[in-house]
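Please keep the sequence and the structure in view while reading.

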Amino acid sequence: MKNILILGATSAIAERFAQRYANQDCRFYLVSRNQIRLDNVADDLRVRGAKDVITESLDLTETSGHNHFMTSVIGRLEHIDIALIAYGSLSNQPACEGDSELSLKELNTNCLSVISLLTLLANVFEKQASGCIAVISSVAGDRGRQSNYIYGTAKGALTIFLQGLRNRLDRKGVHVLTIKPGFVDTPMTQDFKKGLLWVSPKSIAKGIENAIKRKKDTVYLPFFWRYIMLIIKFIPERIFKRMSL
Amino acid sequence: MKHGASWGRYPTVEQDTIPLYWRDQPLPDKPSMLAYGQGRSYGDVCLNDGAVILPTANLQRFIQFDSDKGILRAEAGVTLAQILSLVMPKGWFLAVTPGTKFVSLGGAVANDVHGKNHHRAGSFGCHVSAFELLRSDGQRLLCSPEQNEDWFKATIGGLGLTGLISWVEIKLKPITSFHIDQQVCCFANLEEFLALNDVMERDWEYTVAWIDCLAKGRKLGRGLYMAGNHADDKELAIKTIDEPALTMPVDAPGFLLNRYTVKSFNTLYYQKPRKHVSNVHYDSYFYPLDKIAHWNRMYGKRGFFQYQCVIPMAKSQHALSQILQAIAKSGQASFLSVVKKFGENLPPGLLSFPRPGITLAMDMANRGDKTLRLLDQLDEITMQNNGAVYPAKDARMSGLAYKSYYPEWQTFSQYIDPKFSSSFWRRVTSSTGQQ
Ligand SMILES: Cc1cc2nc3c(=O)[nH]c(=O)nc-3n(C[C@H](O)[C@H](O)[C@H](O)COP(=O)(O)OP(=O)(O)OC[C@H]3O[C@@H](n4cnc5c(N)ncnc54)[C@H](O)[C@@H]3O)c2cc1C
Ligand SMILES: NC(=O)c1ccc[n+]([C@@H]2O[C@H](COP(=O)([O-])OP(=O)(O)OC[C@H]3O[C@@H](n4cnc5c(N)ncnc54)[C@H](OP(=O)(O)O)[C@@H]3O)[C@@H](O)[C@H]2O)c1
């Protein structure tokens, strides 16, 4: 049996991910703030064949609770095969520009609190010397842009942290996966006008499962974002600074 | 506002889209809303021009499955395809299924859909044991044949107008195989069809016939009869697909479907040598069209109409030959024409379409006024013979016709949620719809 820990289990991407594993002899440990919705997700996974589903409602952005939380996870799971970190918030850039407190809060949600959890998780995985730590970052972290650089900063820092972590844990047999989705049609992006580049959370979930199976380091989802971001990163700064992306 | 259309791609509307994600979510505060499932209705029952639709595709969670008793509860956006993938390996099947599995539970209830086993099983609503109805004032009504019975009846076949169905509980039927034993035979005319049907219905759970709409004179009403039963070969392990595979990427040019191409298609189909008895995969028996996603694009940009009516038994032979004659005379070929006898089961919904009689369904390319005139003519025949037309497949019937087919519409009106409406409902009940 596989043990899968999902932080931010009510995220649309995380939910579709869990559904893919539900009939593969798995036990889930699901965490998010909203207990009712966690129960909705858990019931669904049970019907789809999950062996066991544990839920815990917790605000993961409150880092003071992390030690206690990790102890209880270890107490109940013993071994973690996959840990997926999926929670996050698409920061309101203009609002952040006028409010430094808000900017810091967003950085905490999307980066600092995740680093805090990863620090604890890394030690667990290092000790068990196996398993996969998969974290949803974003293409937004590949280059700072005026339209969402608070969110981009958080995801960019997270990406760099994961590089370091991978470098440390690879030799211990632990797989660290950085997931960089492009535009995904989920509640987070509900108010955006959707065009050709948009994909469903279901297809992202499939991409994550594949990347875990193939032990990829970093995966762009869908794949073409690798090339889009290559071009975007390639534009010289003196030109880029005048563009409005 | 976004451009919208249903399966028939006619009419097209401008509407806002507010997707729903969780069943505990309150409804948005909008003056005019309508739930939207998979948009597999052909006309405007799932459209809300100038207002808001609430896509339910993300309400895709299962809630409970009793695999001993075959009772499944799931959110209303779950599709029949998703249900089959879950329940078939455990030996269960849908008690009633329409000709495509890419419809949502909510949509199946709101149109009270029927399948090839109507003569035995009745409509989809006959197998619904409960659902939750969310009203715009925040009320959540648990509806079942015992509880809130009047809301239960109004919502089954209620065209989405009574509020949002958030989850549905259905009773499944046991099977022991993925396969269907199929028998195909020919009939020469409507009279033969009726006689054949009487015999076949006794032994076959699923029955349906295909009619050659272009045959005239002595050949009028010739066709193929296709009967099926669940096989008993204990084969439950085949992989199922829960999303359409091949796509029809572009619109076919309109000229592809003229009278001659359809005629040769129909003749070919009729003459195609067929094994009389065969054992086929359930997908190819129940959902032949699902193999090609977006086959509706075959009709080109102007879209197409479906006409599906039911005529009471006593008048069926007469009325159907009138209808077939009118179509043959107009030269407006129908690509697919299907006939089936509905059983005596009384429909569970106040506005359900299925009722005892013979139902005929056909596609027709949209050739503008000419097609609309023909369809009006067919309505005349249906009205004269106390029949009814299926709203799920309609984009053009007049208010007068609707009210004659569904005299219960006024009783039904009191159950309509004040903040729910549809393009269809406004069309058939507005004062201009009177003439
Ligand atoms: C190839 C094909 C074959 C078909 N064969 C058959 C057949 O054999 N028999 C048959 O009966 N029909 C048949 N149909 C029609 C189809 O089954 C119905 O139109 C069905 O209702 C479509 O479901 P949907 O999820 O796409 O709903 P939509 O078309 O999106 O909506 C249909 C209605 O349901 C309402 N609705 C949807 N979800 C909810 C909800 N959660 N709460 C409240 N109201 C809701 C909508 O407001 C609308 O009024 C066929 C259609 C196709 C394309
Ligand atoms: N959607 C996209 O286009 C896209 C693109 C690239 C990357 N991503 C990333 O993908 C991940 C999943 O996102 P999604 O698109 O699936 O979004 P989603 O469905 O909206 O889910 C967001 C999740 O984050 C949690 N959350 C939201 N705000 C929070 C906050 N302030 N504090 C703590 N938790 C919060 C929510 O859980 P509760 O409210 O239940 O606690 C929810 O589980 C995120 O990390 C996101 O940054 C998304």
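G4(B) has V13(B) of β2(B) as its bridge partner. β1(B) and β2(B) (residues 12-17) pair in the antiparallel sense over four bridges. This is a predicted model: local features need pLDDT of at least 70, side-chain atom pairs count only at pLDDT 80 or more, and totals for chains, interfaces and linings use all residues. Residues are numbered from 1 along each chain as its sequence is written.

**Sheet of chain B**
- The strand order is β1-β2-β4-β3 in an open sheet of four strands with mixed pairing; strands are DSSP runs (E, at least two residues), and two of them pair if DSSP finds at least two bridges between them.
- At the edges lie β1 (2-5) and β3 (33-36) of chain B, each pairing on one side only.
- On average, neighbouring strands are turned by 50° against each other, direction ignored; the axes are lines fitted to C-alpha atoms.

**Helix α3 of chain A**
- H66(A), F69(A), M70(A), V73(A) and L77(A) are its buried residues (under 20% relative accessible area, 1.4 Å probe, protein chains only).
- They cover an arc of only 95° around the axis, so they sit on the same side of α3(A); the arc is that of the directions from the axis to the C-beta atoms.
- The face turned away carries exposed N67(A), H68(A), T71(A) and G75(A) (exposed: over 50%).
- Elements covering the buried residues include β1 (2-7), β2 (26-32), β3 (52-57) and α5 (100-128) of chain A.

Methods: Chains are lettered from A and ligands numbered from 1 in the order in which they are written. Side-chain values use heavy atoms; hydrogens and water are left out. Contact means heavy atoms within 4.5 Å. Axes are lines fitted to C-alpha atoms, for helices over the stretch in contact, and angles run from 0 to 180 degrees between N-to-C directions.
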